[in-house]
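User: Hi, I'm new to reading protein models. Can we go through this one together with some questions?
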Amino acid sequence: MAVIVSVDDLKKVYKGGFEALRGVSLSIEEGEILALLGPNGAGKTTLISALCGITTPTGGTATIGGHDIVSDYRAARAMVGLVPQELALEPFEKVINTVRFSRGLFGKPHDAALIERILRQLSLWDKRNNRIRELSGGMKRRVLIAKALCHEPRVLFLDEPTAGVDVELRRDMWQVVEGLKAEGVTIILTTHYIEEAEAIADRIAVINKGEILLVENKADLMARMGRKTLRIDLSGPLDRVPETLRDYDLELAEDGHALKYHYDTRGDGTGITRLLQALAQEGLSLRDIETRQSSLEEIFVGLVHEDTP
Ligand SMILES: Nc1ncnc2c1ncn2[C@@H]1O[C@H](COP(=O)(O)OP(=O)(O)OP(=O)(O)O)[C@@H](O)[C@H]1O
Ligand SMILES: [Mg+2]
């Protein structure tokens, strides 16, 4: 697939000297959904703002559809839609006018059928003549999405689209995002909900303190998550893993007082039964056993924590 967003060593130092992006490189393929995960202050909004031409980077380059975000700013901007993190809507304006007006800002001709389709897709058609201030928080968020879509962008940036949105509406939003993907729109979203990334993303990028720590296919991450560890506490210590057990993926831990067995939960058999039999044959007596699974959340917390001295 073709690369649609290309970010190379992008830097942002805010006035006052704060370094919010420290050389971010990333390439995003046409039609994919990339979830950008990171703690508060990691630089997610700064990255999105730079790519959408709202803030000027202080180093590096980026292109959208081949257009440089600085030197060819207009062409790059025309390709993107942005749903900002902060609600920024005119409270007394009607829903339909808000969306129409946004399309006009991009110099696109009025298209009533398109506006109707977008409002219906976001379940806002019934509210089209309501004023913004008469909407609930989740509906306002959907108006922001409608605004971002009305000039038919090829790349949609969603900065925490489901923050403060109830579970049902969050699932509706996921459907909207998947519908857009089906139409070929590339989507970059930030979220604090790990399950959101799990549910809809094709790839996951983790950012902390202005640096990308990981970019990986969700499927590969899930495969890692499929790995579990069985911890076996032994009654007496071992100085090494016995020869007869060397075919198992075993690791000696806690000064020989425990064995750790790594296995895949999605395989046909975990091998636990055979392992326990082999341990008994070896004459080893067990004090306790415990299993644990590495989740995306753990991978995420581990990465971010490791990165914080
Ligand atoms: N206009 C600004 N001037 C100075 N510093 C800023 C400005 N905007 C953001 N920052 C700083 O840059 C860092 C990154 O902010 P950013 O908004 O990109 O984080 P974020 O990852 O979007 O966080 P959140 O999850 O809270 O939305 C923060 O330390 C923030 O204080
Ligand atoms: Mg943010």
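User: Let's start here: is Ser123 buried or exposed?

Analyst: First, the ground rules: this is a predicted model, where local features need pLDDT of at least 70, side-chain atom pairs count only at pLDDT 80 or more, and totals for chains, interfaces and linings use all residues. Residues are numbered from 1 along each chain as its sequence is written, chains are lettered from A and ligands numbered from 1 in the order in which they are written, and side-chain values use heavy atoms, with hydrogens and water left out. Now for the labels: buried means under 20% relative accessible area, exposed over 50%, and partly exposed in between (1.4 Å probe, protein chains only). Ser123 has 51% relative accessibility, so it counts as exposed.

User: Where is Ser123, and what is its phi?

Analyst: Ser123 sits in the loop between α4 (112–121) and α5; helices (H or I, at least four residues) and strands (E, at least two) are DSSP runs, numbered from the N terminus. Most residues other than glycine have a negative phi. Ser123 isn't a glycine, yet its phi is positive, at about 50°.

User: Which loop holds Asp255, and what is its phi?

Analyst: Asp255 belongs to the loop between β12 (250–253) and β13 (258–264). With a relative accessible area of 75%, Asp255 is exposed. Asp255 is not a glycine either, and its phi is positive, about 55°.

User: Which residues coordinate the magnesium ion?

Analyst: Donors here are N, O and S atoms within 2.8 Å of the metal (3.2 Å for Na, K and Ca), and water is not among the atoms, so sites may look incomplete. At 1.9 to 2.2 Å, the magnesium ion (ligand 2) is coordinated by Thr45 (OG1) and Gln85 (OE1). Thr45 lies in helix α1 and Gln85 in the loop between β6 (80–83) and α3 (95–105), so the parts tied together by this pair are 40 residues apart in sequence. The names you want, then, are Thr45 and Gln85.

User: How close does the side chain of Thr45 get to an oxygen atom of ligand 1?

Analyst: Thr45 is partly exposed, at 31% relative accessibility. An N or O atom in the Thr45 side chain is away from an oxygen atom of ligand 1 by 2.7 Å.

User: What about the backbone of Gly41: how far is it from an oxygen atom of ligand 1?

Analyst: For Ala42, a polar backbone atom is 3.1 Å from an oxygen atom of ligand 1. For Gly41, the distance from a backbone N or O atom to an oxygen atom of ligand 1 is 2.8 Å.

User: Which helix gives the largest share of the shell around ligand 1?

Analyst: By type, the shell residues are five nonpolar, seven polar and two charged. Here Ala, Val, Leu, Ile, Met, Phe, Trp, Tyr, Cys and Pro count as nonpolar, Asp, Glu, Lys and Arg as charged, and the others, Gly among them, as polar. The largest share is three residues, from residues 44–51, helix α1.

User: How far apart are the centres of domain 1 and domain 2?

Analyst: The chain splits into domain 1 (3–222) and domain 2 (227–293), with bounds from an automatic or database domain assignment. Taken over C-alpha atoms, their centres are separated by 47 Å.

Terms used: A polar contact is a pair of N or O atoms within 3.5 Å; within protein, one must be able to donate a hydrogen and the other to accept it, and residues adjacent in sequence count only if both atoms are side-chain atoms.
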